[in-house]
Amino acid sequence: MGKGNYSILNKIQTPADLRRLKVEQLPQLCEELRDDIINELSVNPGHLASSLGVVELTVALHYVYNTPDDRIVWDVGHQAYGHKILTGRRDLFCTNRKFHGLKPFPSPQESEYDTFTCGHASNSISAALGMAVAAKLTNSKHKVVAVIGDGAMSGGLAFEGINNVSSTPNNMLIILNDNNMSIDHSVGGMKQYLLRLSTSETYNNMRYRVAEWMKRKGLLNDQRRHGLIRFTNAMKSAISHQQNVFEGMNIRYFGPVDGHDIKELVRILRQLKKMTGPKMLHLHTVKGRGYKPAEDNACEWHAPGKFDVDTGERLVSDNSGLPPKYQDVFGHTLLELAKSNKRIVGVTPAMPSGCSLNIMMKEMPKRTFDVGIAEGHAVTFSAGMAKDGLLPFCNIYSAFAQRAYDNIIHDAAILNLPIVICLDRAGLVGEDGPTHHGAFDIASLRAIPNLTIASPMDEHELRHLMYTAQLPDKGTFVIRYPRGRGVCTDWRCPMEEIAIGTGRRLLEGNDVAVLSLGPIGNNVTKAISEMQEEGNPTSVAHYDMRFAKPLDTKLLEEIAGKFKKIVTIEDGCIQGGFGSAVTEWMTDHGHHPTIKRLGLPDTFVEHGSVSELQAIVGIDVNSIKQTIASL
């Protein structure tokens, strides 16, 4: 369609412009907005299918509600591209997810229309309830709407929020965007339940007449309103022959409604906006709506990269001859191990394709489990299987595993259960930004007893560590590895055991010792090589420590006895991380070398390419060279 042909969208700078339109113009606006998203993302990759699925809902919300005074709290913020475009950021949308450009997900730091952080999932109901209670206590008139969907209802926090919504006075609206998807197809009983939910037209008409009669009689105060809800919920059960979980908790339920009928959405939202008390509107939407390739394969088109709009061809780079992604090495290695070890099972919270567990899932569906967006449950579920004889490989993105911290302590580590916790996307992840960087796993986990924490420098080491972790008596074993490609094209090496808590000396030297943990060690190797080529006389030793816990004390004794100047480097937060562990050991054992720690600073690192971010935080090749030279 092209920007010049957007006769309505081109005139909208803010939702105030949108609200001046006639309802009859909204279908065309939705078509133009959807087309704009498709065209922009074809050249500047991002999350496509989810945002296409909520175009009508986005337009309807900003049309009916007085944003930004009224609060719209998005969940799983990758659905909010249309929201960004309609709220004054269309001209900058070409910078979305780029270094110094628009943030990858809604953020109050970027726009007053973005009411809360929503990089992950399931927090919208709790946050929106807090805002609704604040509105009541401050006598504010603004409305609060939580938009939850894309599988986020499988997260435990969503149910904690709903439970509190039912017992706390509020007027909020919960919109359930039910597209039967998270990133892969959503799973679990809630998915099946949502597909069966329905309401009766007879019931709604009767309920409306009863409520109007009670209003006229002055019988509808707050206390009686709860009684009315309970009575009409029972009446609905009798008429429709079913009770739904939301109305069972005294939350008025409406739906399911076609989430792509913009005029009907506007009509319904206008009615719900006037109602008091907590309400839920259940929408059925199609992920990828309006672009056939995305509708046909929403998983693949969740974040498709660049593509040809007209043909639907994804413009995938020629990766022949390049090393594989770490996640694919994990997936193939896990299948290989599972074929020889019948105790192995695979677990992931809603990311089978993202972490490549789908490789094992295809061949061994009964031994692989996608538990939905429920990271804490994934760990405790794994602990239950481990307690009774299985050996789970539980794969969770590092940043998302923060939600399972208590489960790792309480349900896994205390009993030292044989669980292999694989933290994909550890370290800087790039364009997804601070909500997704795997920055804190080393620092947070190394304080927990009974954990082994390891990070491979390359794909061969990943295979060796996975093999080691599934051997008898290894307890709870954490393996962290990054997003993206490794360095080995010949990655299918024979697997061998690595002794727990042992590192390796990669390069002899006399002046400075560099201790690295994980794949960031490849930057060290390159930095030392370049220094030698440039004629730098500094003699640098390089140690790949492999384990953040337990540390290789024998290797540390060697280093402490030989070097007065030490550099530690990690792709994780510097506060309390691997470098801190080395420094603590040196101090505790009476050694006092000069130690320079490199890692992520005590701030939230923004979005950009991994190479750009590594340079900013000082763990790229040039920064390593400068640090060594300074010593």
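1. Ground rules. The model is predicted, so to speak in its own terms: local features need pLDDT of at least 70, side-chain atom pairs count only at pLDDT 80 or more, and totals for chains, interfaces and linings use all residues. Numbering starts from 1 along each chain as its sequence is written, and side-chain values use heavy atoms, with hydrogens and water left out.

2. His542. This residue lies in strand 14 (residues 540-544); strands here are DSSP runs of E, at least two residues, and helices are runs of H or I, at least four, both numbered from the N terminus. His542 counts as buried because its relative accessibility is 2% (buried is under 20% relative accessible area, exposed over 50%, partly exposed in between, with a 1.4 Å probe and protein chains only).

3. What His542 touches. Its side chain makes a polar contact with the side chain of Ser516 at 2.9 Å (a pair of N or O atoms within 3.5 Å; within protein, one must be able to donate a hydrogen and the other to accept it, and residues adjacent in sequence count only if both atoms are side-chain atoms). Leaving aside neighbours within four places in sequence, the contacts of His542 include Met457, Arg504, Val514, Gly521 and Ile528 (contact means heavy atoms within 4.5 Å).

4. Aromatic pairs. Rings of Phe, Tyr and Trp (its six-membered ring) pair if their centres lie within 6.5 Å; planes under 30 degrees apart are stacked, over 60 edge-to-face, the rest tilted. The count by this rule is nine. One of them is Phe369 with Phe381, edge-to-face at 5.4 Å centre to centre and 80° between the planes. That pair links distant parts of the chain, 12 residues apart: Phe369 is in strand 7 (residues 368-370) and Phe381 in helix 16 (residues 375-387). Phe369 is partly exposed at 27%, and Phe381 is partly exposed at 25%.

5. A stacked pair. Tyr397 and Phe400 stack at 5.5 Å centre to centre, with 25° between the planes. Tyr397 is buried at 10% and Phe400 is buried at 9%.

6. A cluster. Tyr291, Trp301 and Phe307 form one aromatic cluster.

7. Helix 16. It has 13 residues and reaches 18 Å from first C-alpha to last, close to the 18 Å expected (1.5 Å times one less than the number of residues). Its buried residues, among them Glu375, Val379 and Met385, pack against strand 6 (344-348), strand 7, strand 8 (391-397) and helix 17 (405-413). Just after the helix, Gly389 takes a positive phi of about 105°.
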